[in-house]
Amino acid sequence: PRPHPTFRVRPLTCTETRRGDQQVVHSLGDGAVHVSAARHDATFGFSAVFDAGASQEAVFEGSGMRQLVELAMDGFSCTVFAFGQTGSGKTYTLMGPLAQSEAQPASPALLGLMQRSFTCLLEQSRSRGSDLALSASYLEIYNEQVRDLLSPGPPCALPLRWSKTRGFYVENQLSVEFESLEAIVSLLLQGSQRRRTSAHALNRHSSRSHALLTVHIRSRAHHPPTLVLQASACPSKHGTLCFVDLAGSERVKETGSRGELSVEANSINRSLLALGHCISLLAKPRGKRTHIPYRDSKLTRLLARSLGGSGITLMVACISPSSRCLSETLSTLHYASRARRVTTRP
Ligand code: ADP
Ligand code: MG
């Protein structure tokens with residue numbers, strides 16, 4: 001089984017229930033999602049649909065995330081990206097309800113796709129007995145600037161370059177080796193906090209940036225002792241597993257926002273539009289494809305390899321069931337239906 005486009009409807013939140021929002025999105029089973037509201041009545045089909053009752057574990061197993069981890073271990077470039085409007089459950093799906101304080105870590109049952117993937121990766125690497133080198137990098141794209149979330153000190157912008165052998169890459173990006181679950185989870189927390197710290201200075205910063213955590217998996221074949229000297233001549237595999245928490249997809253009204261906020265809004269819209277554009281071009285039959293404009297945004301440059309030819313992508317569309325979110329929900333559903341048609345040749 002391959003990872004397949006996944007759709008997740010979160011439960012209504014307490015606030016939504018309290019103010020009497022209607023639930024307008026329902027899962028009909030068998031991958032069908034039904035949207036019913038006053039003037040809308042539509043059904044969309046997906047490979048996997050999870051509704052309010054679905055556990056984090058069910059999403060991990062049912063989305064094909066486990067296979068994606070295994071493919072990354074086999075040397076493929078794998079990406080999972082969560083998208084949807086602010087508050088639709090992207091971060092919850094990827095990381096769970098992140099420990100609000102260090103004294104109160106989230107319960108294991110609520111851990112998200114990321115922690116579950118790390119566990120799976122470390123277990124697999126032990127059981128395969130192969131010689132794996134694991135490292136992680138974590139960055140965010142904010143206002144079309146790439147920032148390292150792992151390097152100490154105030155975040156500074158890193159240049160994004162292109163080379164024939166590497167494709168697009170971030171120069172001077174920190175990559176930290178890890179060997180245990182504790183170590184990688186602590187990197188995730190550190191990075192996410194750096195992302196969150198800025199939220200005090202800038203309104204709702206966390207949903208205004210795209211965050212990408214990439215795990216690099218370098219494996220070397222085992223060699224009998226006599227061959228050790230030649231080991232460096234043997235090809236080694238390099239797989240990647242990238243988790244993308246996209247900025248909220250809601251359209252920021254051009255009029256309402258000025259100055260800093262309008263710069264933010266424009267860069268988010270620009271990269272999400274660029275992503276949508278690349279996806280719709282990629283969704284065309286191979287023969288009819290034109291040039292794919294990856295260069296239109298930093299986000300699409302960084303995702304070029306996984307979206308295009310050689311990567312494997314798991315897309316998780318997150319939505320709120322509330323009547324108040326209807327128009328964004330419909331746009332997420334359309335976006336997801338388009339992305340569903342993208343095929344790659346890993
Ligand atoms: P986003 O990252 O898309 O902006 P969040 O992941 O922060 O949204 O989710 C918004 C709120 O909804 C949070 O309080 C989160 O805990 C809650 N939530 C999201 N998804 C679920 C879910 N599947 N089950 C329970 N609560 C959820
Ligand atoms: Mg979020």
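Q: How do the residues of the shell around ligand 1 divide into nonpolar, polar and charged?
A: The shell comprises 2 nonpolar, 6 polar and 3 charged residues. Here Ala, Val, Leu, Ile, Met, Phe, Trp, Tyr, Cys and Pro count as nonpolar, Asp, Glu, Lys and Arg as charged, and the others, Gly among them, as polar. A residue belongs near the ligand if one of its heavy atoms lies within 4 Å of it.

Q: What conventions apply here?
A: This is a predicted model, in which local features need pLDDT of at least 70 and side-chain atom pairs count only at pLDDT 80 or more, while totals for chains, interfaces and linings use all residues. Residues are numbered from 1 along each chain as its sequence is written, chains are lettered from A and ligands numbered from 1 in the order in which they are written, and side-chain values use heavy atoms, with hydrogens and water left out.

Q: Which residues are around ligand 1?
A: They are Arg 8, Arg 10, Pro 11, Gln 85, Thr 86, Gly 87, Ser 88, Gly 89, Lys 90, Thr 91 and Tyr 92. Helix H4 (residues 90–95) gives the most to this shell, with 3 residues. Helices (H or I, at least four residues) and strands (E, at least two) are DSSP runs, numbered from the N terminus.

Q: Which polar backbone atom is 2.7 Å from an oxygen atom of ligand 1?
A: That atom belongs to Gly 87. For Tyr 92, a polar backbone atom is 2.8 Å from a ligand oxygen, and for Ser 88 a backbone N or O atom lies 3.2 Å from one. The protein covers 68% of the 560 Å² of accessible area that ligand 1 has on its own. Accessible areas come from the Shrake-Rupley method with a 1.4 Å probe; for residues, only the protein chains shown count as cover.

Q: What does UniProt list for "binding site"?
A: The unreviewed UniProt entry lists Gly 84, Gln 85, Thr 86, Gly 87, Ser 88, Gly 89, Lys 90 and Thr 91. UniProt positions are given in the numbering used here, feature names are shortened, and annotations may be inferred rather than shown by experiment.

Q: Is Gly 84 buried or exposed?
A: Gly 84 is buried, because its relative accessibility is 0%; buried means under 20% relative accessible area, exposed over 50%, and partly exposed in between (1.4 Å probe, protein chains only). Gly 84 sits in the loop between strand E6 (77–83) and H4.

Q: And Gln 85, what does it touch?
A: Leaving aside residues up to four places away in sequence, the contacts of Gln 85 (heavy atoms within 4.5 Å) include Lys 90, Glu 250, Cys 318 and Glu 328. Gln 85 is also buried, with a relative accessible area of 12%.

Q: Changing topic: why is helix H8 described as largely enclosed?
A: Because 8 of the 10 residues of H8 (residues 298–307) are buried, the helix is largely enclosed by the rest of the structure. Among those buried residues are Lys 298, Arg 301 and Leu 307.

Q: Where is Ser 297?
A: Ser 297 lies in the loop between helix H7 (259–282) and H8. Its side chain makes a polar contact with the side chain of Thr 300 at 2.8 Å. A polar contact is a pair of N or O atoms within 3.5 Å; within protein, one must be able to donate a hydrogen and the other to accept it, and residues adjacent in sequence count only if both atoms are side-chain atoms.

Q: How many helices and strands are there in the chain?
A: The chain has 9 helices and 15 strands, and 49% of its 346 residues are buried.
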